[in-house]
Every structure is written in C-alpha cells, then in structure tokens.
Amino acid sequence: MKVNNEHYRTIWLDSDEAVKIIDQRWLPHRFEIERVSTHVEMAAAIREMHIRGAGAIGAAAGFGMYLAVASSFESSVDSTLEQAASALKASRPTAVNLEWAVERQLRALRQGDTLAEKKRIALREAQAIADEDVEACRRIGEYGLDLIREVSTAKQGEPVHILTHCNAGWLAFVDYGSATAPIYAAHDEGIDVHVWVDETRPRNQGARLTAWELGQHGVPHTVIADNTGGHLMQRGMVDLVIVGSDRTSVTGFVTNKIGTYLKALAARDNDVPFYVALPSSSIDWAMRDGLTESPIEQRDGDEVRYAQGLIDGDFQRVLLTPQDSPAANYGFDVTPPHLVTGLITERGIVEANEEDILNAFPEKRRGHAA
Ligand code: MRU
C-alpha cells in the first residue's frame, strides 16, 4: 500500500539486527516508523499495540523470533528461544496468528544445529511468514472482488456500499489487508465502492486506521458511530458487510473485534450478506466451539473510560466517564457460523462449516499425509 506515494509494508527487515514497523499508535495524525531490535521490544510493541491486527502481529512474532536468535550466543540460543516464544505468545491472547507464527518458527528451527544455521532459518521463516501473508491477502482481494463486482452489476453501476468493522486493513496485515483487499481491488478496477467505517470503540481502529488507509488509497468512505449499522441496513444502505477475524474455528465460529456479532445479527435480520475475510493463518484448526473455547482478551478499563486524540497538535486523553465509574473492556466477541454468509480465504470463498473449510484446506484433515 502506498503512503504519500511510497509503497510500504507494515513490517520489514531493516538490517541484520533490526526490524522496522509502522507505529500505529499515532495514526491518523502522525506517520511514524519504529525500529525494533530485540524480541523483548517486539513483545512490548505487540502488547501495547504499536503493531496490531491478526496478520501483522503474526509477522511481528515471526520477526521477533528471528531477533531472539540474532541477539543470542551459541550456548544460550535454545533457552533464549524458549523465553522469546512464551513472551511473544503471551503478548496478545486472541489472534491465533501469533502462536501459529511462533510455533512455525520453533518447528523450522529444530532443523538447525549451529547458531549460524538457526539465524539463517529464522530469517528465512520470518520473511516467508510475511510474504505468504501478503500473497494470501492479495488472493482474498481477488476472490472478494468477484462478490463486489456481482453487486455492482446487479445495481447497474450504482455505488456498492460496504460496511466494515475495526481495522482488517493493510495496517492489520503485512499488505493489502483482508477485509479491505477486495475493496481496494474493486476501487482499482473502477467499480464505484463506498465504505461505511464503524468507529470501533474503545480504541477506534475504524475511525483512526481504516478511515486513514482508505483515504490514502482514495476510496470513498464515511465514519459512523458503532451503533449506526443496524439503522443503515434497515434502510437498504448497506449491500455487503465484510469484516476480518482474529481466530476462526475449524467449525466456522468467527472471533473478531468486539461489536462484530451485533453487526452479524443486524445483517441477518435485514438479509444483508455478511462475509469474513481471513487468511488460513487465522484459522484455529484445533478449536471447535468458538463460544466456549476462544480466548477473549480483556484490556484495561481505562481504554473505555478515556478517549485519545489530537488537541492543538498534541496527543492527549480525556476522561469520558464519572471519575469513579469502573469500566469493562472485552476486546473481542464470537459470531456463530449460522450468521456468516461465507469466509473469503486465499483458497476461495467457503461456507463457515468444517466440511467446506477442510475441503479448501485438505492438508489440515486429521491423518492427512503432509
Ligand atoms: O485489537 P486489535 O486492533 O489487534 O484487533 C484485531 C483486529 O485487527 C480486528 O479484530 C480485525 O477486524 C481482525 S482482522 C486483522
């Protein structure tokens, strides 16, 4: 994706000793790049949401494991890797991409004997995780584009209105985004698309991040308060909902940013198609009942009690609630499969059920010879 006409990924290798990330905390008001040189710094960057979003934190975990090897000694590399793996996995609990990337690195690293070999392997694997994320999102864009094209044709070229929640965009992945990839592809093809952007309280990833990146790409969009979607759907002002996912069970339960479930309910009540765009790195192949098994991050209540923004050029936070009111901050919710029209994956659009998901990814069937 281009920022001020220059192409950026959200994370990249800067040198043998460091990785660079786009520091999302200051967007949309400041575009800042952060240099990360240890796995401890990477775990902190994930925990404190300098970098966030399922695919981006998966890639960050991959590079975090590389940094752990790169700063290690021959004698201590295995224990450093163990520490790095648990610190990175613990930094955010919900997006499965994080543990997927760490486990993938650990598996690959078992092939290396010397420190030099391990360093080579960890770098190759980190780059592969990032490159595969880019390619998966690009393909999601192609499959999702077919859906948008169909709606546009049915509407005889009238604008296609798509509602999205949170930021499942370029910033949440390494490039393209999942929910936004079809939107960018449609816009680039000349289809008239307009996006309703849920602000996504409490951290406002929609208002701050999705709105900013759609603007960078020139996609018409309107930011709405989180509670607006149902009203728009009742009035025929939404053609399609496309959201992302942080963890989808092999049975099709979709864990995503808090508020997604309410959009799915409203979509069902109004016959609006509700799609989830996700790479297979966000599928939890071991999880069956998303409602009981999906880890739901609970963050600091102050994220709900305060809002943060730019005041006279300065970042400041302001208190919204009575000083002493406690707040609960559940980060994610789970949308059950019967409310999901389809999953847009890198292997095509599949129904949210085990049979369809495993048909698209047969190598994940139990007992499948790798
Ligand atoms: O808490 P965040 O901002 O890391 O939330 C995760 C997400 O980006 C969203 O839930 C998104 O819709 C999932 S797809 C990356």
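Hi everyone. By class, the shell around our ligand holds seven nonpolar, six polar and four charged residues. Here Ala, Val, Leu, Ile, Met, Phe, Trp, Tyr, Cys and Pro are nonpolar, Asp, Glu, Lys and Arg are charged, and the others, Gly among them, are polar. Before I go on: this is a predicted model, where local features need pLDDT of at least 70 and side-chain atom pairs count only at pLDDT 80 or more, while totals for chains, interfaces and linings use all residues. Numbering starts from 1 along each chain as its sequence is written, and side-chain values use heavy atoms, leaving out hydrogens and water.

So, who is in that shell? The ligand is surrounded by 17 residues (a heavy atom within 4 Å), and the closest are Arg52, Arg92, Gln205, Asp246 and Lys257.

Now the polar contacts, meaning pairs of N or O atoms within 3.5 Å. A ligand oxygen lies 2.6 Å from a side-chain N or O atom of Asp246. For Lys257, an N or O atom of the side chain is 2.7 Å from an oxygen of the ligand. Asn167 takes part through a polar backbone atom, 3.2 Å from a ligand oxygen. Taken alone, the ligand exposes 400 Å², and the protein buries 99% of that (Shrake-Rupley, 1.4 Å probe).

And where is all this in the chain? The domain assignment, automatic or from a database, gives domain 1 (2-132) and domain 2 (138-364). Both domains give residues to the shell around the ligand, so the ligand lies between them. Their centres, taken over C-alpha atoms, are 24 Å apart. Across the boundary, 35 residues of domain 1 are in contact (heavy atoms within 4.5 Å) with 31 residues of domain 2. Thanks, all!

Methods. Polar contact = N/O pair within 3.5 Å; in protein donor to acceptor, adjacent residues only side chain to side chain.
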